[in-house]
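Please read them with the structure open.

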Amino acid sequence: MGQDRRDFLKLSTLATGALLFSGTNNNLFANNIRTNMKSSKLKLKFYPYTLQLKHVFTLAKSSRTTTPVVLTELEYDGIIGYGEASMPPYLGESQESAQAFLAKLDMEQFTNPMEIDKIISYVDSVTMGNTAAKASVDIALHDLVGKILGHPLYKIWGLEKSKTPYTSFTIGIDKPDVVRQKVKEAEEFKVLKIKLGRDTDKEMIETIRSVTDKPLTADANQGWKDKHLALDMIEYLKENGALYIEQPMDKNNLDDHAWLSERSPIPVLADEACQRLVDIPKIYQAYNGINIKLMKCTGVKESYKMIILARALNLKVMLGCMTETSCAISAASHLSPLVDWADLDGALLINNDIFDGTKIIDGKVVLSDKPGFGLTKI
Ligand code: MG
């Protein structure tokens, strides 16, 4: 090991402390690292990958058997951080749009990966939208920084590993015999998430209740059209053990959601209506909580800010996901000690995961102690 490398490792340990107590010292340590590693540049690689779903996934407004993703690698001085953009078609991004966005980025202008704020602000400024593509860079950068510092992100953020929540396991809309089969497959999970929003909602709940009495969470994905009927359904769901309801009606319908949130016996959470940090001030009076997803909000950096703002506004917080490999799921999971509920089952719904990282053990989110997000490529 050369002298420069030893100096760098010493500085890395100091920089961990700086990150924990963020402020001007952080820049001081970051500058020291830059002095020692000024010859390196950030290098971004990316490639498409298609996730194969174990079951046809049916939501209120769509059905599919695959999910397109783009995987990223951000390299610095021989260390690689992994990232992922997951793009279910209804959100408007695609492998083509994500790769076109990533090709526009000039990451080599950065010679110090510790300057996370500066790098993420640049990535966000290049175009509007492209939130999943942006998240793939944010995830790779945080993974890289964790690896450089030699610590898992949850430790760098000062969070307690034991406080990770149980994750719900999603049961998509399907015929009763398939739903019963899915519930059996979900035996290790303590909470089931039920996709609703069609005219078969009560049938779905009855089918599930015929095989299990586990607590449920429900997601109507904007499928309900009338606030009175929505309230009736929520009261029915409460009687059937539901903990909360996600996005009952159209995301643009703030007034009816405000009406509903005031009367609902369980928290009403905004999902489609709350994408990024700037959305929270617009919607917080109409909901009891929000569902944060890395792919909607550009990654862990903004997710962290959203959690802090939501807490200040007395909102419940859940952390959700798309169908994703264990790469993006592991990234989200390092924030999970901060939230009320997690729905981080995305990697369990596919049969071609190519990362090992955060595990779900007996339904609980279990973080790896390896550096970064604890990712290993399978
Ligand atoms: Mg949802």
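1. Start with Tyr244: at 1% relative accessibility, Tyr244 counts as buried. Buried means under 20% relative accessible area, exposed means over 50%, and partly exposed is in between, with a 1.4 Å probe and protein chains only. Its aromatic partner belongs to one of five aromatic pairs in the structure. Tyr244 and Trp341 form a tilted pair, 4.6 Å centre to centre and 35 degrees between the planes. Rings of Phe, Tyr and Trp (its six-membered ring) pair if their centres lie within 6.5 Å; planes under 30 degrees apart are stacked, over 60 edge-to-face, and the rest tilted. The pair links strand E7 to strand E11, with Tyr244 and Trp341 97 residues apart. Trp341 also counts as buried, at 18% relative accessibility.

2. A word on the basis of these notes. This is a predicted model: local features need pLDDT of at least 70, side-chain atom pairs count only at pLDDT 80 or more, and totals for chains, interfaces and linings use all residues. Residues are numbered from 1 along each chain as its sequence is written, and side-chain values use heavy atoms, with hydrogens and water left out.

3. Overall make-up. The protein has 14 helices and 15 strands. Helices (H or I, at least four residues) and strands (E, at least two) are DSSP runs, numbered from the N terminus. Of the 378 residues, 58% count as buried. Among contacts between residues at least 6 apart in sequence, 69% join residues at least 24 apart. Contact means heavy atoms within 4.5 Å.

4. The metal site. Which residues coordinate the magnesium ion? Asp219 (OD), Glu246 (OE) and Asp271 (OD) do, at 2.1 to 2.2 Å. Along the chain the donors follow the spacing D-x26-E-x24-D. Asp219 lies in strand E6 (residues 216-219) and Glu246 in strand E7, so the pair ties together parts that are 27 residues apart in sequence. Asp219 and Glu246 are both buried. Donors are N, O and S atoms within 2.8 Å of the metal (3.2 Å for Na, K and Ca); water is not among the atoms, so sites may look incomplete.

5. Backbone points to check. Most residues other than glycine have a negative phi, and most peptide bonds are trans. Gln247 has a positive phi of about 35 degrees although it is not a glycine. Gln247 sits in the loop between strand E7 (242-246) and helix H10 (254-263). Gln247 is buried, at a relative accessible area of 0%. Asp362, also not a glycine, has a positive phi of about 50 degrees. The loop between strand E13 (359-361) and strand E14 (364-366) holds Asp362. Asp362 is partly exposed, with a relative accessible area of 48%.

6. The largest nonpolar core. Of its 112 residues, Met107, Trp224 and Ile290 touch the most other members. Helix H5 (residues 131-149) gives the most to this core, with 11 residues. Domain 1 (3-52 + 67-150) and domain 2 (155-377) both give residues, so the core lies between them. A nonpolar core is a set of buried Ala, Val, Leu, Ile, Met, Phe, Trp, Tyr and Cys residues joined through side-chain atoms within 4.5 Å. Domain bounds come from an automatic or database domain assignment. Leaving aside neighbours within four places in sequence, Ile290 contacts residues including Leu269, Ile283, Met306 and Val317.

7. Strand pairing. Strand E9 (residues 289-292) and strand E10 (residues 316-319) run parallel, joined by four bridges. Asn291 stands opposite Met318 in E10. Two bridges join E10 to strand E11 (residues 341-342), again parallel. The bridge partner of Leu319 in E11 is Ala342. Two strands pair if DSSP finds at least two bridges between them.

8. Helices H9 and H10. In H10, Asp256, His257, Trp259, Leu260 and Ser261 are buried. The buried residues of H10 pack against H9 and strand E8 (268-270). His228 is found in helix H9 (residues 227-239) and is partly exposed, at 46%.

9. Glu302. Not counting residues up to four places away in sequence, Glu302 touches Arg276, Leu277 and Cys297.
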